[in-house]
Amino acid sequence: MEQLKALGRILPRLIVAVGAGALLGLAFEPHDHPWLAFLAVPLLLAALNGVSMKAGFLIGSGFGITYYAVLVPWLSIIGGDAAIALAILEGLFYGVFGMFASQTLKHKLWILWVPCLWVATEFATASVPFGGFPWGRLAWAFADSPLGKLASLVGIPGLSFAVALIAVLLYAVLRRKSGLGLRVVALAAGIAIIGGSSLISLSTEGNGKDVTAAMVQGNVPGKGLEFLGRARTVTRNHLTATLDLQKQVEAGTQLQPDVVIWPENSTDIDPYKDAETRQDIEEAVKAVKVPILVGAVLEGPGPNERQTTGIVWDPAKGPGQVYAKRHPVPFGEYIPFRDQLLPYIKRLEMVGRQTAPGKTPGVLPINGVTYGDVICFEVAYDGVVADVMKGGAQVLVVQTNNATYGGTGQPEQQFAITRMRAIETGRTVLIASTSGISGVIQPDGKVEHKSSEFVPDVYVAQVPVRDANTLATTLGGWPQWILTGLGIMGAVLALFARRKRRDGPETPPASTPSREKVPA
């Protein structure tokens, strides 16, 4: 009975948290209402204020599960159970956040600790399990906002901290227990962060050298999982689009590219072992007379394994440098605990051979320009992008295949993530997708070109070659480590304070008067 009463007491708070999670999901593409983050986070904190750790875990979990259910419904293309499982898994991280934030809100420095704890939560979701899933970071929603410019200084984790901090400051202004002084300071600090970010100037100038690149979107014959059995058609589509490009170059209606980029899975048949596929690629390369970065699936390196790669195919030398995708998608490109799960989940057989991860970053020098190649979902992972920048990438390339998720909102979300990477690194990003969205993003995050989905699209861009590092790329992972450490420190201090409150002050035992024998 007491448990039911306790649940009844927190039910209104749980409803508020669920609503806040839904609002936060709507902040991202394809809905694109980033200002909702400044409503969702304060509502969550209001629901957590004054509750126990157990209640905080329940409230935080309700928020997080709803958040991811609204954010990634596109996973239901694979299966409704997969979408539900992911929402629950990621939502539980926010349950842990709620558990600790409920106590951190009672600490005198809560305004600092709570946004740091948020960054620590995002770090956890981006790291575990199986390498994490960094799709729900607050920063991804702010490519079109002046706040997004902060990513060039403090990176994606620092921008998430700034967004969370502004939301916490707003909560401090609205919180009933806040004094007038705190409200004034919080309001002034929030305005200063937003105003200061609008003053940041993002440079797009190169080192005096430009490169002309062509992004080829050949399109695929079907949507969802239908395209998987039509590998030759996909390759031929990209060949045809490339030959059409060359005709335009010869007619003088299009610039001669220095490099051509084909997307991930532009051939799912190993061109080293299949003569017909190799012939198609050779025909395209000889027609344009410049290297093509081909997205190809290769057999090996081990038995029943494959690798998703980008191959630099030169018109004179043939295939050369190869970048193998370092962060394949669990349950999409490989199956963890394969032997144990396959007997029970037959649908996983569609994954086929295990995708073996590559070992080296995608740093690809082509005709005097160093390209940093990342493949599909890898663009969301800090370490993959950081490694190509450390390798001297002057232009970023994203080879991607979103045909499975076409029309679901996932391609728009990935495009927004890519825009934030352009701002963070100060590099032009060239995106080639099989079916969309392909495009060109300038170093300040502005969109030069964005294709539609499920149409052929070829775009030629003249883009700057850049060597200068942003402060964010210079700092690397330090902001994330520092903010995460501070978040953990805040949680520990709050727990110590909780224990002190629970135990109360120690009271010495009352003295008992001694009873001495009185002599008779």
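Predicted model: local features only at pLDDT ≥ 70, side-chain atom pairs only at ≥ 80, totals over all residues.

Visitor: What makes β11 and β12 paired strands?

Guide: Pairing asks for at least two bridges. Strand β11 (residues 439–441) is joined to β12 by 3 bridges, so the two count as paired, and they run antiparallel. Within this pair, Val440 stands opposite His449 in β12.

Visitor: Why are β7 and β12 said to stand at the edges?

Guide: The open sheet has 6 strands in the order β7-β8-β9-β10-β11-β12, with mixed pairing. β7 (363–366) and β12 (447–450) each have a single partner strand, so one side of each is left without a neighbour in the sheet. From one strand to the next, the twist averages 25°.

Visitor: How do you know that helix α11 packs on the sheet?

Guide: Contact means heavy atoms within 4.5 Å, and helix α11 (residues 382–390) touches β7, β8 (369–375) and β9 (395–400). The direction of α11 makes about 170° with that of β8.

Visitor: What kinds of residues line the largest pocket?

Guide: Its lining divides into 28 nonpolar, 9 polar and 9 charged residues. The pocket holds about 1500 Å³ of space, and among the residues closest to its centre are Phe331 and Glu333. The largest share of the lining, 6 residues, comes from α4.

Visitor: And which element gives the largest share of the lining of the second largest pocket?

Guide: That is α11, with 7 residues. This pocket has a volume of about 450 Å³, and its lining divides into 8 nonpolar, 8 polar and 5 charged residues.

Note on methods. Residues numbered from 1 in each chain as written. Heavy atoms only, no water. Helix = DSSP H or I, 4+ residues; strand = E, 2+ residues; numbered from the N terminus. Axes fitted to C-alpha atoms, helices over the stretch in contact; angles between N-to-C directions. 1 Å grid on protein atoms, 1.4 Å probe; cavity = no way out; pocket = protein on both sides within 12 Å on 5 of 7 lines; lining within 4 Å. Points joined across faces, edges and corners; volume = space filled by probe spheres on them. Nonpolar A, V, L, I, M, F, W, Y, C, P; charged D, E, K, R; others polar.
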